[in-house]
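I opened this model to look up its fold, its sheet and its core. My entries follow in the order I made them.

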Amino acid sequence: MLTLFGDLLHNFDTENPHSDRANVENDDSCPSDSESGVSGTDSNEHRSRLSCNNLSAVSNGEAIYEVVTKKLVSSLSSCGFNAEVEAVYRNDYTGIMSRAKLQSFCIYSKAMEVKCGGNSNVKYAWYGASKNEIRRIVSHGFGLPVDTQTHGQGVYLSPVDRPFESMKSASPDEDGLRHVLLCRVILGKIEVVPPFSKQCNPSCEEFDSGVDDLASPSKYIVWSSCMNTHILPEFVISFRASSYGRGDQRRSQSSRTPNSDWMPFPTLITTLSKFLPRDAIELIVKNHGDYKNRKITRQELIQLVRNIAGDKLLMAIIKSYRRKIKAPLGNGLYNNQSKEIDFNLKNCL
């Protein structure tokens with residue numbers, strides 16, 4: 001037992017009757033002993049194929065297996081992906097140092113609760129990475145963030161109902177499997193971090209973490225200084241994912257005849273380079289290369305470009321280009337700006 005916080009761990013669920021662990025969306029500040037794998041039983045019975053001593057396989061007969069699997073599969077399905085879960089692993093937190101990490105998370109969660117007037121804003125979130133990085137995180141914690149970040153310097157996680165960003169970061173291993181962490185994250189009071197920000201800490205003491213959008217975030221941003229105290233990796237999910245209708249989509253791409261009304265993608269990149277910083281253009285070029293190499297779908301590339309450039313700039317560029325070549329904008333068919341951007345980007349690829 002975690003004697004120091006035993007009462008907290010044991011009683012937390014009953015103290016929060018509105019939490020919904022069954023949907024992997026609860027705000028529990030701290031997992032119970034049974035949830036974290038800390039118990040008197042031997043949790044080493046089933047070791048994972050990830051070859052990490054801290055992980056044990058979750059049987060597909062366990063309720064949590066069904067809950068986690070259903071959440072990932074249904075959320076990716078809404079993004080147009082077919083996912084097949086191969087295995088779910090639990091982070092045991094049985095070793096002396098891993099138990100210390102668990103207790104540390106509880107301490108920070110309770111401290112955040114006090115700071116924020118009773119709500120520590122703990123959420124479940126996904127984190128995708130390569131197989132080797134997942135191993136390192138489970139064994140040693142998060143390392144230095146990568147240099148290609150778009151919203152400040154920190155660890156980017158995806159909300160539990162929006163795993164797409166994390167899936168992109170989960171590069172397939174030698175067996176074609178992707179791996180994501182399901183983590184509990186202490187967010188506290190969040191602030192919006194604008195694209196291409198160099199921010200590496202909260203902007204003031206009022207805030208604790210960041211998001212890319214307050215109303216509908218696709219990224220939770222935990223600053224590097226807090227990444228190993230405010231993020232608790234609980235599960236690893238190994239799965240395969242493919243886009244619905246990808247084969248048909250590729251056939252239609254190969255048979256498409258370019259129309260001079262539509263802006264060629266290299267021209268779009270050149271124009272965007274006049275308005276966006278260099279790292280943003282490099283990211284778009286990289287994503288375009290991934291699309292040409294069939295690593296991502298056309299729709300994925302379109303969404304990435306829209307996220308980086310913004311609809312307002314894209315709409316202005318597209319309209320300017322079509323005016324330049326004296327092409328009509330259409331007979332009122334695409335009145336909706338969002339649909340028009342999608343329509344034009346699809347045809348410039």
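**Overview.** I counted 12 helices and nine strands in the protein. Helices (H or I, at least four residues) and strands (E, at least two) are DSSP runs, numbered from the N terminus. This is a predicted model, so I noted its limits: local features need pLDDT of at least 70, side-chain atom pairs count only at pLDDT 80 or more, and totals for chains, interfaces and linings use all residues. Residues are numbered from 1 along each chain as its sequence is written, and side-chain values use heavy atoms, with hydrogens and water left out.

I then looked up burial. Buried means under 20% relative accessible area, exposed over 50%, and partly exposed in between (1.4 Å probe, protein chains only). Of the 349 residues in the protein, 50% are buried. I also looked up contacts, meaning heavy atoms within 4.5 Å. Among contacts between residues at least 6 apart in sequence, 76% join residues at least 24 apart.

I traced nine strands in an open sheet, in the order 1-2-9-5-3-4-8-7-6, with mixed pairing. Two strands pair if DSSP finds at least two bridges between them. Strand 1 (55–57) and strand 6 (190–192) are the edge strands, each pairing on one side only. On average, neighbouring strands are turned by 40 degrees against each other, direction ignored. Axes here are lines fitted to C-alpha atoms, for helices over the stretch in contact, and angles run from 0 to 180 degrees between N-to-C directions.

Next I checked what lies against the sheet. Helix 3 (residues 63–77) packs on it and touches strand 2, strand 3, strand 5 and strand 9. The direction of helix 3 makes about 150 degrees with that of strand 2. Helix 4 (residues 96–115) lies across strand 3, strand 5 and strand 9, at about 45 degrees to strand 5.

**Strand 5.** How many residues of strand 5 are buried? I found nine of the nine (residues 178–186), so strand 5 is largely enclosed by the rest of the structure. In a regular strand the side chains alternate between the two faces of the sheet. Here R178, V180, L182, R184 and I186 point one way, while H179, L181, C183 and V185 point the other way.

I followed its partners. Strand 3 (residues 122–129) runs antiparallel to strand 5 and is joined to it by eight bridges; G128 has V180 as its bridge partner. Strand 9 (residues 231–243) also pairs with strand 5 in the antiparallel sense, over eight bridges. There, H179 stands opposite S238. Strand 3 is joined to strand 4 by two bridges, again antiparallel, and A125 has P159 as its bridge partner.

**The core.** A nonpolar core is a set of buried Ala, Val, Leu, Ile, Met, Phe, Trp, Tyr and Cys residues joined through side-chain atoms within 4.5 Å. The largest one has 25 residues. Y127, F142, L157, L181, V185, I231 and V236 have the most contacts inside it. Elements giving two or more residues to this core include strand 2 (81–91), helix 5 (131–140), strand 4 (154–159) and strand 8 (220–223).

I picked out L181. Beyond four places in sequence, L181 touches residues including W126, Y127, I134, V138, F142, F235 and V236.

**Aromatic pairs.** Rings of Phe, Tyr and Trp (its six-membered ring) pair if their centres lie within 6.5 Å; planes under 30 degrees apart count as stacked, over 60 as edge-to-face and the rest as tilted. The count comes to two aromatic pairs. One of them is Y127 with F142, edge-to-face at 5.2 Å centre to centre and 90 degrees between the planes. Y127 lies in strand 3 and F142 in the loop between helix 5 and strand 4, so the pair ties together parts 15 residues apart in sequence. Both Y127 and F142 are buried.

The 12 residues of helix 10 (residues 298–309) should span 16 Å at 1.5 Å a residue, and its end C-alpha atoms are 16 Å apart, which agrees. The expected span is 1.5 Å times one less than the number of residues. Nine of the 12 are buried, so helix 10 is largely enclosed by the rest of the structure. G310 follows helix 10, with a positive phi near 90 degrees. In helix 11 (residues 311–324), I found buried residues including L313, I317 and Y321.
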